[in-house]
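Open the model in your viewer and keep the selection panel at hand. The tour goes stop by stop: select, look, move on.

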Amino acid sequence: MTRIAVIGAGITGVTTAFELVSRGLDVVVFDRNRYAAMDTSFANGGQLSASNAEVWNTFGTVLKGIKWMARRDAPLLVNPRPSWHKISWMAEFLSNIPNYKNNTVQTAALAVKARAGLQSMADRAGLDFDWSPAGILHFYKNEKDMAHARKVNELLSQGGVERVELTPDQVRAREPNLRGTVTGGFWTESDSTGDIHKFTFGLAKWLEAQGVDFRMGKPVEQLSSANGETRVNGEAFDGVVVCAGVGSRAMAKKLCDRVNIYPVKGYSITVNMPDAISQDGAPMVSLLDDDAKIVTSRLGKDRFRVAGTAEYNGENRDIRADRIEPLTKWVETHFPSISTEHVVPWAGLRPMMPNMMPRVGAGKRAGVFYNTGHGHLGWTLSAATAALVGASVQEHFASKGGAQGSKRGFTFKSA
């Protein structure tokens, strides 16, 4: 059986392993952490949000970034200290502004396609990950943002995302507990939420029970590919799929590819709500505050996840108090009944490509593949990109007389 190494046990790595195994390939997963989903897949905003598929490559984003550079609590913060990596990434980001519309439509279409795949994985593995089909409510605080949202809605519609425009009263009817200024909103019935860590960790444990070899706590220190053979930590494989998040850039360099991922830090807080007043005062629908660039998810009865901000500060994982404080204040402002006594802060590094599109498919060398660079939409896009890279790997080895698909290889055990 064809042996494939998957580097990374986050959401993209574990879903990739699922797709490869279902196609009859023998899979070994490497990760430097002791458990799956311990980095960027640990505590994100929780949204499975095709409605948030707009890419960031606009002059408006650039102008906001410049304006906010002096604000330590700004939704978008750029460390002005230069580096060649940051400069090259931002130059490519600017060069992709003309692709804004096309890339937004493509991302939306990919997000819609991912929904069924993720649900299929959850059903097959019998996963409980606090999934909720509650929908996502975007709300806006001024007419300028509302006008931009209408333009974005046209692009999302081309990608297959169905959203409904709401008046301020309709926004409050959808979420009666919401306080503060509201000019209007958009409602996406088909979006949902869930706990990315519980999903990824649970799927990894289930795959392990199916016979997938997880090498946890094993950082990849040696990686090479030559003459159709890949070696990972000295062990030979027929191929490799790099799903290593912000580490993918260094991995790709060893494989003679350029994958210009930059780590964009995002923050979240998990508000634990043991009391009935907080539980009743928290929203059941998922929210996106466009002005503050904050998203929320209700994770079960007694957890409320609030996430946001983008920080360009290199591979820095520090959890800064001045970046967490705005998230806590947002909860206290918009949902004053929620107690913020028990707040757990977190920060993770989103792996972003300059065009805001994931890097999916083959590299320069035979047997080398990538599924990485999903930015802020890794949870949303993972099932679709895993299927794409799985098909690409299967086609490559089928043409060489290797595994032909799931009929020749792997049969899943019941959950």
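Contact, throughout this tour, means heavy atoms within 4.5 Å. The model is predicted: local features need pLDDT of at least 70, side-chain atom pairs count only at pLDDT 80 or more, and totals for chains, interfaces and linings use all residues. Residues are numbered from 1 along each chain as its sequence is written, and side-chain values use heavy atoms, with hydrogens and water left out.

**Stop 1: Arg231**

Select Arg231, in strand β11 (residues 229-232). Strands (E, at least two residues) and helices (H or I, at least four) are DSSP runs, numbered from the N terminus. Leaving aside neighbours within four places in sequence, Arg231 is in contact with Gln222, Leu223, Ser224 and Ala236. Its relative accessibility is 32%, so Arg231 counts as partly exposed. The scale: buried is under 20% relative accessible area, exposed is over 50%, and partly exposed is in between (1.4 Å probe, protein chains only). Ala5 and Arg231 are 226 residues apart along the chain, and their C-alpha atoms are separated by 9.0 Å.

**Stop 2: two positive phi values**

Most residues other than glycine have a negative phi. Step to Asn227, in the loop between β10 (223-226) and β11. Asn227 is not a glycine, yet has a positive phi of about 55 degrees. At 83% relative accessibility, Asn227 counts as exposed.

Next, Thr309, in strand β17 (residues 303-312). Thr309 also has a positive phi, about 70 degrees, without being a glycine. Is Thr309 buried or exposed? Thr309 is buried, with a relative accessible area of 8%.

**Stop 3: helix α10**

Select residues 321-334, helix α10. The helix has 14 residues and reaches 20 Å from its first C-alpha to its last, close to the 20 Å expected at 1.5 Å a residue. The expected span is 1.5 Å times one less than the number of residues. Color the buried residues of α10, among them Arg323, Leu327, Trp330 and His334. Ala321, also in α10, counts as exposed at 62% relative accessibility. Draw a line from Ala321 to Thr333: twelve residues apart in sequence, 18 Å apart in space, C-alpha to C-alpha.

**Stop 4: helix pairs**

Two packed helices are described by the angle between their axes and the distance between the axes. Axes here are lines fitted to C-alpha atoms, for helices over the stretch in contact, and angles run from 0 to 180 degrees between N-to-C directions.

Show α1 (residues 11-22) with α11 (residues 378-399). They pack at about 40 degrees, axes 8 Å apart. The two are therefore oblique to each other. Angles under 35 degrees count as roughly parallel, over 145 as roughly antiparallel, 65 to 115 as roughly perpendicular, and the rest as oblique. The contact includes Thr15 and Leu20 of α1 and Trp379 and Val393 of α11.

Keep α1 and bring in α7. Their axes come within 10 Å and cross at roughly 35 degrees.

Last, pair α7 (residues 196-210) with α4 (residues 100-125): about 55 degrees, axes 10 Å apart. That makes α4 oblique to α7. Leu118, Met121, Ala122, Arg124 and Ala125 in α4 meet Phe199, Leu203 and Trp206 in α7.
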